[in-house]
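Reader: I'm new to reading structures, and I'd like to learn where the labels come from. Please show me the picture, and then I'll ask about the words.

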Amino acid sequence: MKKRSLMLGTAILLLVSLVLAACGGGSGDDSKGADGKKKTDFIGIATGGTGGTYYPLGGTFAKIIQDETGIKSSASTSGASAENMASIKDGKTEVAFTQTDIASYASEGTQMFKDNKVENARGIATLYPETIQIVTTKKSGIKSVEDLKGKVVSVGEAGSGTLLNAEQILEVYGMKLDDLEARNLSFDDSTTGIQDGTIDAAFITSGTPTGAVEGLAATQDITIVPVSTDKAKELIEKYPYYAEDKIPSGTYSKVEEEIPTVAVLAMLVTSADIDEDVIYDVTKAIFENTDDIKHAKGKLISAENGLKGMGIELHPGAKKYFDEKGISEE
């Protein structure tokens with residue numbers, strides 16, 4: 001009887017250990033690479049809402065990764081930048097889209113991440129600009145950032161990245177939000193306010209052309225206020241997640257001149273725990289197959305621009321790829 005009980009106990013322990021092994025490893029497996037980091041047989045990509053840019057691009061990236069590396073991959077919807085950084089911290093995803101400024105705040109434990117610092121986030125690459133557009137109308141008479149003083153200006157919704165962009169741009173011009181009659185409005189409400197005359201100007205951080213601004217330009221003669229080159233460089237020196245940008249002539253109706261400004265950038269991040277070889281393969285797959293990106297933003301995505309505005313530590317696997325291409329951080 002004792003022998004029989006011992007055999008039964010051993011069988012149960014074996015079954016339990018097999019179940020635990022099958023459940024371990026998150027979305028990938030628990031094997032380790034040569035650098036002791038986690039290898040994986042699945043790459044989950046956290047994106048944003050289905051109506052945004054991150055989601056369709058994420059689906060394209062997932063297909064490229066799977067086709068080129070053999071690693072199963074899929075994109076999932078999410079609340080975008082800030083939520084995605086939290087997902088990296090918690091190990092809920094292997095790769096995520098975010099903005100460079102949000103990634104920097106998360107890694108530093110500042111702004112909205114004061115109580116939730118993300119220490120394990122590493123950069124893969126920056127992708128395309130999310131342009132800061134200071135929008136007004138010709139009849140407002142506003143031609144420079146300094147002209148915003150005393151005006152009613154939408155500076156983005158409370159807690160948004162746009163609000164922080166506005167504060168930082170005003171800072172390099174020696175101004176504060178208190179110098180304006182600031183309003184915290186969405187992009188659509190901002191352009192509606194400009195159209196009906198309740199506000200004078202608005203900060204809008206978005207890829208161009210932006211639908212809300214196009215709608216305004218269809219009914220008003222608009223002006224995009226420039227951020228001068230010297231102020232842009234000063235801003236980038238203090239906040240390295242910014243990059244110089246330009247709004248091409250003709251982007252909006254009757255705006256015929258090119259407008260210098262700055263941008264934060266959309267970027268891909270991953271976890272420091274993912275194996276170097278895996279992220280090298282992921283990075284190479286994306287940038288060696290940019291012709292397969294059919295989204296309009298695809299033409300802006302290139303290895304040559306992949307380190308511009310990188311505000312957090314680069315993952316060793318991504319660094320290996322960019323080193324091979326002779327591309328370094330600026």
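Reader: Why does E288 count as partly exposed?

Author: The relative accessible area of E288 is 41%. Buried means under 20%, exposed means over 50%, and partly exposed is in between, using a 1.4 Å probe and protein chains only. The value of 41% falls in between, so E288 is partly exposed. Before we go on: this is a predicted model, where local features need pLDDT of at least 70 and side-chain atom pairs count only at pLDDT 80 or more, while totals for chains, interfaces and linings use all residues. Residues are numbered from 1 along each chain as its sequence is written, and side-chain values use heavy atoms, with hydrogens and water left out.

Reader: What makes the meeting of E288 and K325 a salt bridge?

Author: The term asks for a side-chain nitrogen of Lys or Arg within 4 Å of a carboxyl oxygen of Asp or Glu. For E288 and K325 the N to O distance is 3.6 Å, so the pair qualifies. E288 sits in the loop between α9 (276-287) and α10 (316-324), and K325 in the segment after α10, so the bridge ties together parts 37 residues apart in sequence. Like all helices here, these two are DSSP runs (H or I, at least four residues; strands are E, at least two), numbered from the N terminus. K325 is also partly exposed, at 41%.

Reader: How many salt bridges does a search of the whole structure find?

Author: The search finds 9. One of them joins D221 and K254, with 3.3 Å from N to O. D221 belongs to the loop between α7 (211-217) and β8 (222-225), and K254 to the loop between β9 (243-247) and β10 (259-271), so this pair links parts 33 residues apart in sequence. D221 is partly exposed at 36%, whereas K254, at 54%, counts as exposed.

Reader: What separates E234 and K231, which share helix α8?

Author: They are 3 residues apart in α8 (residues 229-238), which means about one helical turn separates them.

Reader: How do you know where the buried residues of α3 lie around its axis?

Author: S81, N84, M85, S87 and I88 are buried in α3 (residues 81-89). They cover an arc of only 155°, so they are on the same side of the helix. That arc is taken from the directions from the helix axis to the C-beta atoms. The buried residues pack against several elements, including β1 (42-46), α2 (54-69), β3 (95-99) and β10; contact means heavy atoms within 4.5 Å.

Reader: Why is β10 called largely enclosed?

Author: 12 of its 13 residues are buried, so the rest of the structure largely encloses β10.

Reader: What makes β3 and β10 a pair?

Author: Two strands pair if DSSP finds at least two bridges between them. β3 and β10 have 5 bridges and run antiparallel, so they pass. In this pair, A96 has V269 as its partner in β10. β4 and β10 are antiparallel too, over 9 bridges, with T131 opposite A263. A further antiparallel partner is β9, joined to β10 by 5 bridges, where D245 stands opposite T261.

Reader: Which residues touch the most other members of the largest nonpolar core?

Author: They are F61, M85, L148, F203, F287 and F322, out of 76 residues. Apart from that core lies another, of 15 residues, with A202 and I222 among them. A nonpolar core is a set of buried Ala, Val, Leu, Ile, Met, Phe, Trp, Tyr and Cys residues joined through side-chain atoms within 4.5 Å. Leaving out residues up to four places away in sequence, F322 touches several residues, among them I124, F287 and I327.

Reader: Is I327 buried or exposed, and how do you know?

Author: I327 has a relative accessible area of 12%, under the 20% limit, so it is buried.

Reader: What makes T40 buried?

Author: Its relative accessible area is 8%, which means T40 is under the 20% cut-off. T40 lies in the loop between α1 (2-23) and β1.
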